[in-house]
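Reader: I would like to learn how to read a protein model feature by feature. Could we take the ideas one at a time, each with a case to look at?

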Amino acid sequence: MVIKAYPVGMVRAIDIVNGGDEGESRVEPHVGLAFDSADDAREFYSLYAKRMGFKIRTGQLYRSRSNGSVSSRRYVCSKEGFQINSRTGCPAFIRVQIRDSGKWVIDHFVKDHNHDIEPMGETPPPFMLQKTPIVKNSIADVTKRPKVKLLEEVEDEDRRPCPSGVINVKRVKREGDQGQSKVEPYVGLVFNSANEAYQYYHAHGANNGFRVRIGQLFRSKFDGSITSRRFVCSKEGFQHPSRVGCGAYMRIKRQESGTWVVDRLREDHNHGLGTQMEDHKGSFNASNKFIEEANDGLEIKDLVTKYNGNLVKRWQENHIGSDWYNMFLEYFQSKQAEDTGFFYAVEVNDGNCMSIFWADGRSRYSCSQFGDAIVLDTSYKKSVYLVPFATFVGVNHHKQPVLLACALIADESKESYTWLLKTWLRAMSGRHPLSMIADQDKAIQQAIAEVFPGTHHRFSLWQIKAKEREFLSLMDNGFQCEYEKCTLHSQTADEFDTAWNALLNRYRLKENVWMKEMYESRASWVPLHLRATFFAGISMNKSVDSFFGTLLNAQTPIVEFVSRYERGLEQRREEERKEDSNTFNLQAFLQTKEPVEEQCRRSYTLTVFKIFQKELLQSYSYLGFKIYEEGANSRYLVRKCGNDNEKNIVTFCASNLNVTCSCQMFEFEGVLCRHVLRVFQMLEIREIPSHYILHRWTRNAEYGTVHDVESGGTSQELKALMQWSLRETACKYIEAGSASLEKYKLAYEIMREGGRKLFWQR
């Protein structure tokens, strides 16, 4: 079967208007379906997609090896791939191939989607139902008829048509005391501004017994301006117990003329509607109002309420259901009864519970050991969530993730994150981390800058990669290669700036909004600028895994949350206990006769020793040359044998044994690199200086942290550390001693003997 040159959707329009049957309009894509051109195939699939409730885009093309002409094309669902957050890797597509006859034939078709789609149903868009006479069998007349023809019917009392066929909300005629809008929403309805569209849909909702809130926005990939907006029923989604996943919404799209047109509409609700709501006089002017930007876009500003002439800021919507508070408060009280170190706090605003923070005694003690580099994991924002569950995670001396605290975040405002970080300080005796990995959101950036002014904020890799993929998909392969070389391989700040400016000039991106933002925040994502800060070696090349894995996430229902939380936490702590046991009972093999290897085997945990041992073995593949000397200071060029491109500069001071390397491995990970070890071999230094063996990586990292703060901390911090340290040690005695009666007697005798000595010293 060959589809004619006109799109199927147009045939359907004629059939509907003229009362004919559907004919070819119901043709489904199938292997063997033929078209006169690839463009006809795309138009056919586009109209099929519109009918089924999804969007398409042009995918890969394939060229002939003999003459380079296009031999086949793919048209895919708009959610194919993962380049941006809104895509789900949908497999649906058609592929058309050119045959010897010149026809384009579908040779591959995948129908199923991995996401929800919204069929338009049997009722065609309003512009297809107009009763304007048309010429029989004329396709051109159907296609050229304006889609917004019905706008001519929207007139005021003087029968004056709206200018340019655009609805002005202020001029929509209202009838009777109830104030019902004369115009019902439909696809093709046009507004002067997005604010007018919102006001119109708000009034429509009030007239029909449902409330409206602001939904998703979509931005241009080129300049970042807002191109479309969704206004949804207040019961859309499941983030709050009062929401039931209602699918009713109206979406508007910005036109080149600057107007906004309704391009998608769904009016069916999955819940009962209330009675007509009263439309208060100031509802459009003060409350829930949009503020237009210079780029004709739209941003959600702080909602305000007009009260006695003053603008009072309203708290943003709380994403935590009321049931969660009851459940958690009951859980916290039971935990405090058994764990005196358990800490929790609830943010209260105008008598309403907001965000929640908690940390048990073990987590607080872990922070005293491993709170120097932390990850604030708010990856719940990647998807629809039941609960906004976030974790503070550190890295222990076995290079394992260790839980430091948890939180439920009421909303994604600066105020919520500021409260969260200040509560962290209260719980952790004022400990500021050296570094923190967290999302790129402005609210988080501002909160970290305010509460942790000396902390280096590194952006979460998943966010950076998602935005990079979205941008790079618009550029050619040449740009992508140069971009990666600039960001990943620059060795100095000057080298990075030179390469970045060359990119801007070569590809005319000086005014590009995304490139400007990324350059301004380069200290938070470019490896060159991160290496000088201690991040406990957390990789810059892969995203940090969730602490609880698949066991617990933002979709976990309330009835299972606590049990899964405790099970996941116990699994992680059991893994830590196993590594503790391995470190004290097993011994790594030495692979050299270097004294430094034996020294580090005695000091480090098994995991960290293996990292050091690898660097030591690699050091034998490098050559070192002294290139500068003045007094006690000297400088060495260290390069790999057979590879002149891989070279680093090591600076050494003989008076205090201080050493630095341009690779900055020690600064970033806390373990000396192969380049420094090569220089030590040249200088016959047989022992690693003590200040280059970080206590946090040693076998006894959980002990001795008290000594580390004895000189610099306050008496309150010191007392808290001593309590946590003793409590952890006592817990291990209790756990081991309760295994059997014999072990109980031994543990009891040890503790009693220790008690005698302790009281004797008093």
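Author: Gladly. A charge sits over a ring if NZ of Lys or CZ of Arg is within 6 Å of the ring centre and within 35 degrees of the ring normal. Here the charged end of arginine 74 lies over the ring of phenylalanine 93, 4.0 Å from its centre. Arginine 230 places its charged end over the ring of tyrosine 249, also 4.0 Å from the centre. Before we go on, this is a predicted model, in which local features need pLDDT of at least 70 and side-chain atom pairs count only at pLDDT 80 or more, while totals for chains, interfaces and linings use all residues. Residues are numbered from 1 along each chain as its sequence is written, and side-chain values use heavy atoms, leaving out hydrogens and water.

Reader: How many helices and strands does the protein have?

Author: The protein has 21 helices and 28 strands. These are DSSP runs numbered from the N terminus, with H or I and at least four residues for helices, and E and at least two for strands.

Reader: What share of the residues is buried?

Author: Buried means under 20% relative accessible area, exposed means over 50%, and partly exposed is in between (1.4 Å probe, protein chains only). Of the 762 residues in the protein, 45% are buried.

Reader: How do I read strand pairing, say around strand S4?

Author: Two strands pair if DSSP finds at least two bridges between them. Strand S4 covers residues 70-77 and is mostly covered, with six of its eight residues buried. Six bridges join S4 to strand S3 (residues 56-63), and the two run antiparallel; threonine 58 has tyrosine 75 in S4 as its bridge partner. S4 is also joined to strand S5 (residues 93-98) by five bridges, again antiparallel, with arginine 73 opposite valine 96 in S5.

Reader: Do S23 and S24 run parallel or antiparallel?

Author: Parallel: four bridges join strand S23 (residues 435-438) to S24. Isoleucine 437 stands opposite arginine 458 in S24. Both faces of S24 (residues 456-459) are covered, with His456 and Arg458 buried on one side and His457 and Phe459 buried on the other.

Reader: What kind of unit do S23, helix H8 and S24 make?

Author: A crossover is right-handed if, with the strands pointing away from the viewer, the path from the first strand over the helix to the second runs clockwise. S23, helix H8 (residues 442-451) and S24 form a right-handed β-α-β unit.

Reader: How many aromatic pairs does the structure hold?

Author: Rings of Phe, Tyr and Trp (its six-membered ring) pair if their centres lie within 6.5 Å; planes under 30 degrees apart count as stacked, over 60 as edge-to-face and the rest as tilted. The structure holds 42 aromatic pairs. Tryptophan 358 and tyrosine 565 have ring centres 5.9 Å apart and planes at 70°, so this pair is edge-to-face. The pair links distant parts of the chain, 207 residues apart, with tryptophan 358 in strand S19 (residues 352-359) and tyrosine 565 in helix H14 (residues 558-585). Both residues are buried. Tyrosine 483 and tryptophan 514 make a tilted pair, 6.3 Å centre to centre with 35° between the planes. Ring pairs also link a cluster that includes Trp324, Phe328, Trp358, Phe547 and Tyr565.

Reader: How do I read contacts around a single residue?

Author: Contact means heavy atoms within 4.5 Å. Glutamine 400 is in the loop between strand S21 (389-395) and strand S22 (401-408). Not counting residues up to four places away in sequence, glutamine 400 touches Gly394, Val395, Glu575, Glu576 and Glu579.

Reader: Is glutamine 400 buried or exposed?

Author: Glutamine 400 is buried, because its relative accessible area is 15%. Its side chain reaches the backbone oxygen of glutamate 575 at 3.3 Å. A polar contact is a pair of N or O atoms within 3.5 Å; within protein, one must be able to donate a hydrogen and the other to accept it, and residues adjacent in sequence count only if both atoms are side-chain atoms.

Reader: And what should I look for in phi?

Author: Most residues other than glycine have a negative phi. Lysine 399 has a positive phi of about 65° although it is not a glycine, and lies in the loop between S21 and S22. Lysine 399 counts as partly exposed because its relative accessibility is 24%.
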